[in-house]
Amino acid sequence: GWSMRSFEVPGTTPSAFVEEMRSALAAKQYDRYVGLDLDGDSLVVELRWMGTTTFTFRIRPTGDGFRADFVDQRVAPLHNAFSDRFEAYFEKALARVGAKTI
């Protein structure tokens, strides 16, 4: 199953983080399936492929960056089989932009 975790991103803003993550996804052609959006103080990650899975994080400023606390998920039934692979990829992408999972 899914075990999305909170993460911290030093030295950047939520909007700059979203731009960086979008480029990282586009570089691998994953941007067709994965979307990131800011909605007020929420970060929404969407996985779209034979259904839509949504992860919501609440954002709050910390020092020179921000923290994203995992608050909610709505998982499409077919996506459960891919949870490990997607989470491993998401964590790699986070690491690439200097974030660390908590």
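**View 1. Eight Phe residues in one aromatic cluster.** Phe 7, Phe 17, Phe 55, Phe 57, Phe 66, Phe 70, Phe 86 and Phe 90 all belong to one aromatic cluster. Keep in mind that this is a predicted model, with local features needing pLDDT of at least 70, side-chain atom pairs counted only at pLDDT 80 or more, and totals for chains, interfaces and linings using all residues. Numbering runs from 1 along each chain as its sequence is written, and side-chain values use heavy atoms, with hydrogens and water left out. The structure has 9 aromatic pairs (rings of Phe, Tyr and Trp, the last by its six-membered ring, pair if their centres lie within 6.5 Å; planes under 30 degrees apart are stacked, over 60 edge-to-face, the rest tilted).

**View 2. Phe 7 against Phe 90.** With ring centres 6.4 Å apart and planes at 75°, Phe 7 and Phe 90 make an edge-to-face pair. Phe 7 sits in strand E1 (residues 7-9) and Phe 90 in helix H2, so the pair ties together parts 83 residues apart in sequence (helices, H or I, of at least four residues and strands, E, of at least two are DSSP runs, numbered from the N terminus). Both Phe 7 and Phe 90 are buried (under 20% relative accessible area; exposed is over 50%, partly exposed in between, with a 1.4 Å probe and protein chains only).

**View 3. Phe 57 against Phe 70.** Here the ring centres of Phe 57 and Phe 70 are 5.6 Å apart and the planes stand at 65°, so this pair is edge-to-face. Phe 57 is in strand E4 (residues 52-62) and Phe 70 in strand E5 (residues 65-74), 13 residues apart. Phe 57 is buried at 0% relative accessible area, while Phe 70, at 27%, counts as partly exposed.

**View 4. Thr 56 and its contacts.** Thr 56 has its place in strand E4 and is buried, at 16% relative accessible area. Skipping neighbours within four places in sequence, Thr 56 touches Ser 42, Leu 43, Val 44, Asp 69, Phe 70, Val 71 and Asp 72 (contact means heavy atoms within 4.5 Å).

**View 5. Helix H1 crossing helix H2.** The axes of H1 (residues 14-27) and H2 (residues 83-96) come within 10 Å and cross at roughly 120° (lines fitted to C-alpha atoms over the stretch in contact, with angles from 0 to 180 degrees between N-to-C directions). On the H1 side, Phe 17, Met 21, Ala 24 and Leu 25 make the contact; on the H2 side, Tyr 89, Phe 90, Ala 93, Leu 94 and Arg 96 do.
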